Amino acid sequence: MRAMKKKNKIKPAIALALLFVIILAVSAVLVRFPLFKIDATAAVLMDVQTGKVYYEHNASAALPPASMSKMMTELLVLKNIHEGHNAWDEPVTASRYAANVTGAEIGLRPGDTLPLSTMFEAMVIHSANDAAIALAEHIAGSEQAFVEQMNAMARNIGLSSHTIFANATGLSSADLTPFQSAASEGETQMTAKDLAKMARYLIRTYPEILKVTEKTDIYIPELELTLHTTNSMLAGRALRIQRQ
């Protein structure tokens, strides 16, 4: 009888121990990934190393990504550099279209020439639309041809059919219709999950991009001009991320 009583006492103790472990595990998850409400139409939280998705909301909806689509322009520039088709020090000249496009810009005039590396950093750091178009035309001959490369790369890296690139900048077709040489048919659209996949591919394939994206300013000596980052999550900016 005593043996039976001891066994009955052990079972509740084991159950309490398991419950304690479960509570600790849940608490750890909530500390790392707290319950919160995302004030966004769509969102994805993806591990850049493994590709594991920890959080998603409306992640497969096709939406206008604006300048986030420039990551594909960055990807193609880096691909061409690594394959030897282009070099960082080669000159890139702004067309009339590039010089007159709307939105964030360097302030180029038609015929202005800067090194490819400067155009690239201006696009990445300041989201300069004139630099993005100048790069697209320089690499592919026209923005339309560059857009074909963007969509081909999207399929190659496994982005869904919901993601379609219409131009090199993410601007709307209405912004581009005044320019005859612009790729102004249709609208760029991407899903949040595809954006995360593209960002992961970009960082893992060309990690040197992080040396550019961490910069808060770019000085262009040819124009005696300093451009500031449009990324509010960097140090000293409104939405900066505090490292633990």
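**View 1. Salt bridges of the predicted model.** The count comes to 4 salt bridges, each defined as a side-chain nitrogen of Lys or Arg within 4 Å of a carboxyl oxygen of Asp or Glu. Side chains of opposite charge can pair when their charged atoms come close. This is a predicted model, in which local features need pLDDT of at least 70 and side-chain atom pairs count only at pLDDT 80 or more, while totals for chains, interfaces and linings use all residues. Residues are numbered from 1 along each chain as its sequence is written, and side-chain values use heavy atoms, with hydrogens and water left out.

**View 2. Lys193 and Glu56.** Lys193 forms a salt bridge with Glu56. The closest N and O atoms are 3.4 Å apart. Lys193 lies in helix H8 and Glu56 in strand E2 (residues 53–57), so the pair ties together parts that are 137 residues apart in sequence. Helices (H or I, at least four residues) and strands (E, at least two) are DSSP runs, numbered from the N terminus. Lys193 is partly exposed, at 23% relative accessible area. Glu56 is also partly exposed, at 43%. Here buried means under 20% relative accessible area, exposed means over 50%, and partly exposed lies in between (1.4 Å probe, protein chains only).

View 3. Lys79 forms a salt bridge with Glu83, with the closest N and O atoms 3.1 Å apart. Lys79 is partly exposed at 26% relative accessibility. Glu83 is partly exposed at 42%. Lys215 and Glu121 meet in a salt bridge of 3.2 Å, N to O. This second pair links distant parts of the chain: Lys215 sits in the loop between H9 and E5, Glu121 in helix H4, 94 residues apart. Lys215 is partly exposed, with a relative accessible area of 31%.

**View 4. The aromatic pair Tyr97 and Phe179.** The count comes to 2 aromatic pairs. Rings of Phe, Tyr and Trp (its six-membered ring) pair if their centres lie within 6.5 Å; planes under 30 degrees apart count as stacked, over 60 as edge-to-face and the rest as tilted. The rings of Tyr97 and Phe179 have centres 5.1 Å apart and planes at 40 degrees, so this pair is tilted. Tyr97 lies in helix H3 and Phe179 in the loop between helix H7 (173–176) and H8, so the pair ties together parts 82 residues apart in sequence. Both Tyr97 and Phe179 are buried.

**View 5. Ala182 and its surroundings.** Ala182 is in the loop between H7 and H8. Ala182 is buried, at 5% relative accessible area. Leaving out residues up to four places away in sequence, Ala182 touches Tyr97, Glu143, Gln144 and Leu176. Contact means heavy atoms within 4.5 Å. Ala182 and Ser142 are 40 residues apart in sequence, yet their C-alpha atoms are 8.1 Å apart in space.

**View 6. Helix H6.** At 1.5 Å a residue, the 14 residues of H6 (residues 143–156) should span 20 Å, and its end C-alpha atoms are 20 Å apart, which agrees. The expected span is 1.5 Å times one less than the number of residues. Buried in H6 are Glu143, Phe146, Val147, Met150, Asn151, Met153 and Ala154. Seen down the axis of H6, these residues fall within an arc of 160 degrees, so they line one face of the helix. The arc is that of the directions from the helix axis to the C-beta atoms. On the other side, Glu148 and Asn156 are exposed. The buried residues of H6 pack against helix H2 (70–82), helix H3 (96–100) and helix H5 (129–140). Gly158 follows H6, with a positive phi near 90 degrees.

**View 7. Helix H5.** Of the 12 residues of H5, 10 are buried, so the helix is largely enclosed by the rest of the structure. Among them are Asn129, Asp130, Leu135, Glu137 and Ile139. The buried residues of H5 pack against H2, strand E3 (91–93), H3, H4 and H6. Gly141 follows H5, and its phi is positive, near 95 degrees.

**View 8. Leu135 in the largest nonpolar core.** A nonpolar core is a set of buried Ala, Val, Leu, Ile, Met, Phe, Trp, Tyr and Cys residues joined through side-chain atoms within 4.5 Å. The largest has 54 residues, of which Met72, Ile106, Met119, Phe120, Leu135 and Met198 touch the most other members. Elements giving two or more residues to this core include H4 (116–126), H8 (192–205), H9 (209–213) and E5 (217–220). Neighbours within four places in sequence aside, Leu135 is in contact with Val77, Val92, Leu116, Met119, Phe120 and Met123.
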